[in-house]
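Work through the exercises below with the sequence and the model side by side. Try each task before reading its solution.

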Amino acid sequence: MEPANSMMSSAKPPILAGREREVQSLEQALGQARSGRGGIALISGEAGIGKSALIADFCAHANDTRILIGQCYELIETPPFGPWIEMFSRYSAAAGEPELPAEFSQRGTVNFVQSQQRLYHDVRDFFLALADASNSHPLVLILEDMHWADPASVQLLRYVAREIDGFPVLIVTTYRDADGPEPCYIAQALPALVRETNVTRIQVSALVEAEVQRLVACVVPLFPADERRLASYLYDRAEGNPLFTTELIHSLEERRVVKRAIGGESTTLGKLSDIPVPALARQVIEERLSRMDSAHRRLLDVAAVIGRVVDLELWVALGGDDKHVRAAAEHALRARILDENHDGPNLRFRHTLIRETVYEGIPVPTRAALHRDIANALIASGQPDPDLVASHLTRARDDRAAKWLVWAGDHAQQAFAWETAIDRYGRALDLLGSSPGHATEQAWLHCLLGLLHRYTNPTSGVKHLEHAARLATRSSDRLLGAVSLYYQGHLRSFAGDGVRGPQQQADGIAVFRALDAPDRLRFERIVASGKFAREYSPLASYAVSLTLFGRYDDGHSAAEQALFDNNVVNPHQGMRHAAAFRALAEIYSAQGRSNAGKQAASQAAELFEQLDHQAMLGNTLMIELRWNALEYAADQIAERRALADRAVQAWSLADGTVADAGFSPRCACVPLLILEGHWDEASELGAMILRRNWFVETFAGNLAQLARWRGDACLAWNMVNELHIDGPRSQPGRFQFQYGLELQRVAASLALDAGNLDEAGSWLDTHERWLAWNGAILGQAEGRAARAEWHRARGEPHVAGQLARAALDLATNPRRPLAMLAAYRALGDALTDTGAFQDGLDALELGLLLSQRCAAPFERALTLHSLAKLHICREDYGRAAQHVEQAASIAYRLNATWLVERLDQLRSAIPTAASGLPRGLTARELDVLKLVAEGHSNAAVGDRLSISPHTVHRHLANIFAKLEVTTRTAATAWAIRARLL
């Protein structure tokens, strides 16, 4: 099979000037694809700047490639997966090539979608199979005008772009720089695309004057002086925009200012100053349009309302006469207003700006009437696209628009395009207004919007549900009242309100139980419609909320009832069981029942996967990773990484929820990244989480600890104080329990760092009070180890040793490797302080072994630091120096300022003979001296070595004293003489 470049093979390559850099970037991206490293090229720029011309040139010269093209269209509402639908509609399988994905096999629409995951995987598998059938020739997917793309299309692009690395596939997208009030989903997704894929970014900018002159030379042959004069004139008026420039040239030709000789071999240029050439391309377009007679212009107006691509059958139906429509089409083709479409009998406006100019020139009443006529024609066709009909009815200000927007929202939900559903329902709600005749429709739309906002903006979701509750009270609708009340609690629990959230959920469940038979039947019909079926499991979701806030006994009771009592409110058994198992997984893990917790998590994950609920699947896998794998099996490295990968994969498929443009699915594995020493990525994801705001609590303990270790105590305290607004007086049950315990331990450590023993003790008292409140096992060993450190700081090493042994016992039964490691370290430190060096050495070496088995580099560095302290106390300075340098190599790589400064303190306690350096210099002092000799300031030295400028100053004072010098220059000269530099 020979690769085909069928989509643009017949088109004449455009004239490009000044685009060498852009062309080279595209060629390099294609070269990478040829070598098997697939990627995505993102081409951006303003309207008319030449993005499409660049694509056309690329297609004309991309030899031995298979090219598929899809496009988005302005003004008309792009349906879910719009550009992908167009791309698949244009596909024709050659011998040996795969058939279309089942979801897109009915050309022009999306078929029934079994699951979002299945759709994504089918599309990926289709493209990879097509690439494989191309005999190693690259497959090129072109998506144009993605600034009009719907969010579902962007999410699918993001998924496919991640999956093609390692295959000969190149995705090329074009989009306008954001310049309007409408959301641009491709622009919002850029950070994620850049972060997650092999990306080439190409910004197409305006031409400079010399490049305009080159463009002129390609279009019209002039003498050099005239060429420069025309280029200057065009540059002043078109400002380097290629479309505007070429349109102005055409206008000048039509006015005979630019005169071509017969045969076109020579051209003369008249007086430009005498010609009132418009400054903007819009004026050029309007001038061209003015040459059409009134009848043809009226038909062109109809075409502009139809859309960028003009359906000929629809145009004829609306124009009323096939002969006149075709005459108007031929006139528009000659005038370069319309072009033939590449892949069908329809026509298309030559450029978006031309269509916009025509459209905006139509009187508003006429425009509205045309939109209504088009909508009626589409409805009469039998199976209209609800998005398209809704768009035309909305612009016609037709009362039917709200109904069609709701249908479009339902259609989007069925295609798992949740952001599109939010948009459609929201616009339907706006159209319904405050009319009392639509109170019921408004109320249910508010409920749907509240539910759809639960992941992206629960605060906004609560407001929608509160509005629905008011409408329910006004209309005495008990079912609506139950739904809106319950979901208010559901979203408040989701957002971290442990007081009002579960209480409103309980109240809503009570109202459900009291519903009469007609309301129960009505509810079952609503659930059967599919709008709430994927989410609606009140009792099991209530169990999840209770569990989240540490009310384990109540949560266990609710989960058991949801599993075994068939006389519960919710009829959706699969969802009910999945949520119940998810609650039990966290409860069992917190209570030390690791096997039961793992089994419950697996059952929940299996059910969520069957339901294709990717958001909750990812959440369940993250819970299993955080509270089971990293707690009870941290030394099972392959298992924990597999869990993290599955969680990331699930979240990446959760369109419109956690996988939005501002949030990376890799946030699911932040605790693992910190443990394994990938701190830069964890910090980047942490900044994303902090911007997300409502998701902070889940990762606050991990991120606060990371901030502390990296020397940012202020940020760590901010996270502690933001969630523990009452400080150490915070009561359990008000916000997420296990994450609250983590923050309390961080707060105690921060207070110890600052030498504030009283405050540290208060935080540890809170930690112990919280654990006593519900009897959780998780956190007990860590709390004892932290209390041991507190007693060491008070000068009570024997008490510290007793507490460290208690921590080790708690961490051993049930076995929790990371908790054991911390306990070994606390015990080793306490034994060092009491002089029991051999016992301390035994404990610390066991901890060092565990850190290796857990692949935890910073835990290893902390343990090496403790070993160095022990060896200094034993006056074994050689081993101490060795351990310090091993720990320092890890701390420098991680930029762990907190540990770097403590290692520097240990270095100063190691005599010269142990360090092997003259004059008693330590290795750290030599590092400082080398950077000073290179001319760096104290601040710059601190940045390089991850220490504060104050610490650098202290090191310099020690260096000057040891070398018996008083200046940086003298110290540098001494080091040169000693051949240390």
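**Exercise 1. Find the bridge partner of R66 in β3, then describe the strand that holds R66.**

Solution. Step 1: in β3, R66 has L139 as its bridge partner. Strands here are DSSP runs of E with at least two residues, helices are runs of H or I with at least four residues, and both are numbered from the N terminus. Two strands count as paired if DSSP finds at least two bridges between them.

Step 1: β2 (residues 66-71) and β3 (residues 139-144) are parallel, with six bridges between them.

Step 2: check the cover. Six of the six residues of β2 are buried. Buried means under 20% relative accessible area, exposed means over 50%, and partly exposed lies in between (1.4 Å probe, protein chains only). One face of β2 carries R66, L68 and G70, the other I67, I69 and Q71, and all are buried.

A note on the source: this is a predicted model, in which local features need pLDDT of at least 70 and side-chain atom pairs count only at pLDDT 80 or more, while totals for chains, interfaces and linings use all residues. Residues are numbered from 1 along each chain as its sequence is written, and side-chain values use heavy atoms, with hydrogens and water left out.

**Exercise 2. Which strands pair with β1, and in what sense?**

Solution. Step 1: β1 is joined to β4 (residues 169-176) by seven bridges, and the two run parallel. Within this pairing, S44 has Y175 of β4 as its bridge partner.

Step 1: β1 also pairs with β5 (residues 199-203), again in the parallel sense, over five bridges. Here I40 stands opposite V199.

Step 2: look at the surroundings. Seven of the seven residues of β1 (residues 39-45) are buried, so the strand is largely enclosed by the rest of the structure. G39, A41, I43 and G45 lie on one side, with I40, L42 and S44 on the other; both faces are covered.

**Exercise 3. Give the strand order of the open sheet of three strands, and explain which strands stand at its edges.**

Solution. Step 1: the order is β8-β10-β9, and the pairing is antiparallel.

Step 1: β8 (309-310) and β9 (338-340) are the edge strands. Each has a single partner strand, so one side of each lacks a neighbour in the sheet.

Step 2: count the bridges. β9 and β10 (residues 347-349) are joined by three. E340 faces L347 of β10.

Strands of a sheet pair through backbone hydrogen bonds, either parallel or antiparallel.

**Exercise 4. Where is S730, and which residues does S730 touch?**

Solution. Step 1: S730 sits in the loop between α34 (713-723) and α35 (737-753). Its relative accessibility is 3%, so S730 counts as buried.

Step 1: list the contacts (heavy atoms within 4.5 Å). Residues up to four places away in sequence aside, S730 touches H724, I725, F735, T766, R769 and W770.

Step 2: move to W770, in helix α36 (residues 757-774). W770 is buried, at 0% relative accessible area. Its contacts beyond four places in sequence include H724, S730, P732, F735 and G740. W770 and G740 are 30 residues apart in sequence, and their C-alpha atoms are 9.2 Å apart.

**Exercise 5. Summarise the whole protein: how many helices and strands are there, and what share of residues is buried?**

Solution. Step 1: there are 48 helices and ten strands.

Step 1: of the 981 residues, 59% are buried.

Step 2: the C-alpha trace spans about 105 × 90 × 50 Å along its principal axes.
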